[in-house]
Amino acid sequence: MNVFVRLITYTRPYRVRVILGIVCTALIIGVESIHPLVMRYAIDNLFTKYFVDGLYIGDRFPALETEGDRNTLLYLTVGLFGLYLLRSLFGALGRYQLHKVGQDILYDLRTQVYDHLQRLSLRFY
């Protein structure tokens, strides 16, 4: 546990980027949780009524509400595509920030080791 706490202290200079990466990860979870809700709405309110009420005849639907349902389905499709773009954006931003923090911490550790080795006396070698 002591080693873990010591390694966590290296994240202090990069606190803002770590928080941004964590926030992006949380936003991804939020955006991904909206997708099933949209699909539930589409299935329950757009598709099911045609099959349950017996409105599906042969290979076509009667023209009673299909135009409004098509528009709603189009809006839901565009909304799902927008959610996918948001998820991709947050994912790329979060991964970039967290990977950059990891590389910067590794750089700091290597610099510390190199400085320590430079300060050792020649008798050590």
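**Notes on the structure**

1. With a relative accessibility of 23%, R17 counts as partly exposed, since buried means under 20% relative accessible area, exposed over 50%, and partly exposed in between (1.4 Å probe, protein chains only). The side chain of R17 meets that of D104 in a salt bridge, at 2.7 Å from N to O, where a salt bridge is a side-chain nitrogen of Lys or Arg within 4 Å of a carboxyl oxygen of Asp or Glu. Because R17 lies in helix α2 and D104 in helix α3, this pair ties together parts that are 87 residues apart in sequence.

2. A word on the basis of these points: this is a predicted model, in which local features need pLDDT of at least 70 and side-chain atom pairs count only at pLDDT 80 or more, while totals for chains, interfaces and linings use all residues. Residues are numbered from 1 along each chain as its sequence is written, and side-chain values use heavy atoms, with hydrogens and water left out.

3. The secondary structure of the protein comes to three helices and zero strands, and from the N terminus on the elements run α-α-α; helices (H or I, at least four residues) and strands (E, at least two) are DSSP runs, numbered from the N terminus. Of the 125 residues of the protein, 18% count as buried. Among contacts (heavy atoms within 4.5 Å) between residues at least 6 apart in sequence, 74% join residues at least 24 apart.

4. D104 deserves a point of its own. With 15% relative accessibility, D104 counts as buried, and, leaving aside its neighbours within four places in sequence, it is in contact with Y14 and R17. D104 also forms a salt bridge with K100, the closest N and O atoms being 3.5 Å apart; both residues lie in helix α3, four residues apart, about one turn of the helix. K100 counts as partly exposed at 33% relative accessibility, and R17, K100 and D104 are linked in a network of salt bridges.

5. The count of salt bridges comes to three, and one of them joins the side chains of R87 and E32 (2.4 Å, N to O). This pair links distant parts of the chain, with R87 in helix α3 and E32 in helix α2, 55 residues apart. R87 is partly exposed, with a relative accessible area of 35%, and E32 is partly exposed as well, at 37%.

6. Which residues make up the largest nonpolar core? It has 10 residues, namely C24, I28, V31, V38, A42, L46, L76, L80, L83 and F90, a nonpolar core being a set of buried Ala, Val, Leu, Ile, Met, Phe, Trp, Tyr and Cys residues joined through side-chain atoms within 4.5 Å. Helices α2 (15–52) and α3 each supply at least two residues of this core, and α2 gives the most to it, with six residues. A second, separate core of five residues includes Y10, V18, V101 and I105.

7. Q97, in helix α3, is buried, with a relative accessible area of 9%. Leaving aside its neighbours within four places in sequence, Q97 is in contact with R17, L20 and G21.

8. F124 is found in the segment after α3 (66–119) and counts as exposed, at 54% relative accessibility.
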